[in-house]
Amino acid sequence: MESLKPRICKFCEKSFKRERTLASHACEPKRRHADSVERYWQLAFRTYQKFYKYNYPTRTKDRTKDQFIKSQYYTGFIKFGRFLQTGLVLDHEKYIEYVIRNAIKLERWASDAVYDTYLKEHLFKETIDRAAERMMLYIMNWASDNEQLADNFFNELTSAKALTLIRNGTISPWIIYGTEQGEKIIDSMSDEQLDIAVNFINPKKWRPKVRMKQDEVKWLKNIFSNLIIQDELKEELNRKFDESHG
Ligand SMILES: [Zn+2]
């Protein structure tokens, strides 16, 4: 026989007569605790902690999981966590700093308008080697996903796809104005596509910047005109691997 002592839900403090009813009972705080294993949840929680740390720097203790779950801003941070989880946000940490420092309202953190403004500033401040590294990584992943040579990347790139990559920051204006392939991308675009792209690769801002960094641009041009070498290097590594494991 079950004891008459009521069972209390530790999340909402509602009481139940039977263990079984308690176990199957669902409430919002219980659901929030269950969600805490998800990646978007973790991203949201870490952002929430950062937000409080920034705004209340004298408090030494971090905000806890329970405080987060009870927070009136819970849903807002969760929405932002999902936005981060899409993987489209370039440099999470910097973006979080950006929205907090600029005192942007939480409900706007996941908006395209706010993110686009950040992205443009971020790309403008970023060094040429970071921009090259990201592009190169993308090309290498593309090559292995499609079982193609890296050297084919720019030949296979449609202007529509290029526009998407410009808008999400994969193709930095450094690549557009600093490489022959970049100039070709611009040439291949329709007027309509160019109208959208210009927003992200503002030539008035970028051309003078690129002109001032001729040494770095030379280095960049060199890397991207030698994608074939990357392919040969990979073949060579594969061959060595086969030989030693064959
Ligand atoms: Zn409950």
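The chain has a radius of gyration of 25 Å, whereas a compact globule of 246 residues would have one near 18 Å; this radius is taken over C-alpha atoms, and the globule rule is 2.2 Å times the number of residues to the power 0.38. Along its principal axes, the C-alpha trace spans about 80 × 55 × 40 Å. This is a predicted model, in which local features need pLDDT of at least 70 and side-chain atom pairs count only at pLDDT 80 or more, while totals for chains, interfaces and linings use all residues. Residues are numbered from 1 along each chain as its sequence is written.

The domain assignment gives domain 1 (1-28), domain 2 (36-121) and domain 3 (127-244), with bounds that come from an automatic or database assignment. The C-alpha centres of domain 1 and domain 3 lie 59 Å apart. The chain holds 16 helices and two strands, which are DSSP runs numbered from the N terminus (helices H or I, at least four residues; strands E, at least two).

Two packed helices are described by the angle between their axes and the distance between the axes. Helix H3 (residues 39-55) and helix H5 (residues 74-85) have axes that come within 7 Å and cross at roughly 120°; axes are lines fitted to C-alpha atoms, for helices over the stretch in contact, and angles run from 0 to 180 degrees between N-to-C directions. H3 and H5 are therefore oblique to each other, given that angles under 35 degrees count as roughly parallel, over 145 as roughly antiparallel, 65 to 115 as roughly perpendicular and the rest as oblique.

Helix H10 (residues 159-167) and helix H13 (residues 191-198) pack at an angle of about 10°, with their axes 10 Å apart, and H10 is therefore roughly parallel to H13. Their contact is made by Ser159, Leu163 and Ile166 of H10 and by Gln193, Ile196 and Ala197 of H13, where two residues are in contact if their C-beta atoms, placed from the backbone, lie within 7 Å.
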